[in-house]
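This report reads through a protein model from its overall make-up down to single side chains. Please keep the sequence and the coordinates at hand while following it.

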Amino acid sequence: MTMTKLTRIKKTAGLLCILICSVCIIPHVFADDNTNRQMLSASEQRKFDYFYYEGIRLKNAGKFDSSYEMFRHCLEIDSTSSAAMFEISSYYIQLEQPEKAVSLLKKTVNYSPENQEYRGTLATLLFNMGMFGEAAEEY
């Protein structure tokens with residue numbers, strides 16, 4: 001196998017992993033997302049929900065750029081949405097921008113401290129970056 005094929009396989013496997021994880025954790029994400037969330041009007045909530053689920057649909061269809069934009073739009077509507085932050089952080093991880101991912105995941109955990117999926121993702125990323133003390137605090 002050539003290096004190009006191996007690189008493509010690794011990227012595809014990583015994206016597939018994120019896709020599977022997001023599909024499995026969506027129910028848990030919304031269950032814990034209300035701890036410190038700002039109050040939205042009914043109209044704003046409908047818009048947020050539309051863009052969030054459209055982002056998920058696009059992500060599942062492999063349209064990652066468009067999906068990212070949907071989640072960014074969600075944060076414009078509700079800057080405290082842990083679910084949208086978590087989705088965007090997964091893109092930063094895949095784009096090998098761990099510092100941005102850590103920053104966003106810390107905000108995510110701050111807004112939904114009881115969500116173990118968020119904490120576990122943050123802890124794993126910190127551990128992989130060699131920040132063992134901070135990782136231990138999240139576990």
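## A loop residue to begin with

Where does glutamate 96 lie? The model, which is a predicted one, places glutamate 96 in the loop between helix 4, residues 82–94, and helix 5, residues 98–111. Phi of glutamate 96 is near 55°, a positive value in a residue that is not glycine. Most residues other than glycine have a negative phi. Glutamate 96 counts as exposed, because its relative accessibility of 68% is over the 50% that sets the limit for that class.

## Overall make-up

The secondary structure of the protein consists of seven helices and zero strands, and from the N terminus on the order of elements is accordingly α-α-α-α-α-α-α. Of the 139 residues in the protein, 38% are buried. The accessible surface of the protein comes to about 8,100 Å², and carbon and sulfur atoms account for 58% of that surface.

Contacts in the protein can also be sorted by separation along the chain. Among those between residues at least 6 apart in sequence, 54% join residues that are at least 24 apart.

## Helix 5 and what covers it

Helix 5 has 14 residues, which at 1.5 Å a residue should span 20 Å, and this agrees with the 20 Å that separate its end C-alpha atoms.

Which residues of helix 5 are buried? They are Ala101, Val102, Leu104, Leu105, Thr108 and Val109. The cover over these buried residues includes helix 4, helix 6 (residues 116–128) and helix 7 (residues 132–138).

## How helix 3 meets helix 4

Helix 3 and helix 4 pack at an angle of about 145°, their axes lying 9 Å apart, and helix 3 passes helix 4 in a left-handed crossing. On the helix 3 side the residues that meet helix 4 are Phe64, Ser67, Tyr68, Phe71, Arg72, Cys74 and Leu75, while on the helix 4 side the residues are Ala84, Met85, Glu87, Ile88, Tyr91 and Tyr92.

Glutamate 76 also belongs to helix 3, which covers residues 64–77. Glutamate 76 is classed as exposed because its relative accessible area is 63%, over the 50% limit. From C-alpha to C-alpha, glutamate 76 and phenylalanine 48 are 9.1 Å apart in space, although 28 residues separate the two in sequence.

## Salt bridges

Lysine 106 and glutamate 134 form another salt bridge through their side chains, at 2.9 Å from N to O. This pair links distant parts of the chain, with lysine 106 in helix 5 and glutamate 134 in helix 7, 28 residues apart. Lysine 106 is partly exposed at a relative accessible area of 40%, and glutamate 134, at 30% relative accessibility, likewise counts as partly exposed. A further salt bridge joins glutamate 138 to arginine 119, with the closest N and O atoms 2.6 Å apart. Because glutamate 138 lies in helix 7 and arginine 119 in helix 6, this pair ties together parts that are 19 residues apart in sequence. Glutamate 138 is buried, since its relative accessible area of 18% is under 20%.

Asparagine 128 is found in helix 6.

Definitions and conventions: Residues numbered from 1 in each chain as written. Predicted model: local features only at pLDDT ≥ 70, side-chain atom pairs only at ≥ 80, totals over all residues. Heavy atoms only, no water. Helix = DSSP H or I, 4+ residues; strand = E, 2+ residues; numbered from the N terminus. Buried < 20%, exposed > 50% of the residue type's maximum accessible area, 1.4 Å probe, protein only. Expected span 1.5 Å × (residues − 1). Contact = heavy atoms within 4.5 Å. Areas by Shrake-Rupley, 256 points an atom, 1.4 Å probe, with all protein chains shown as cover. Salt bridge = Lys/Arg side-chain N within 4 Å of Asp/Glu carboxyl O. Axes fitted to C-alpha atoms, helices over the stretch in contact; angles between N-to-C directions. Left-handed = near helix turned anticlockwise from the far one by under 90°.
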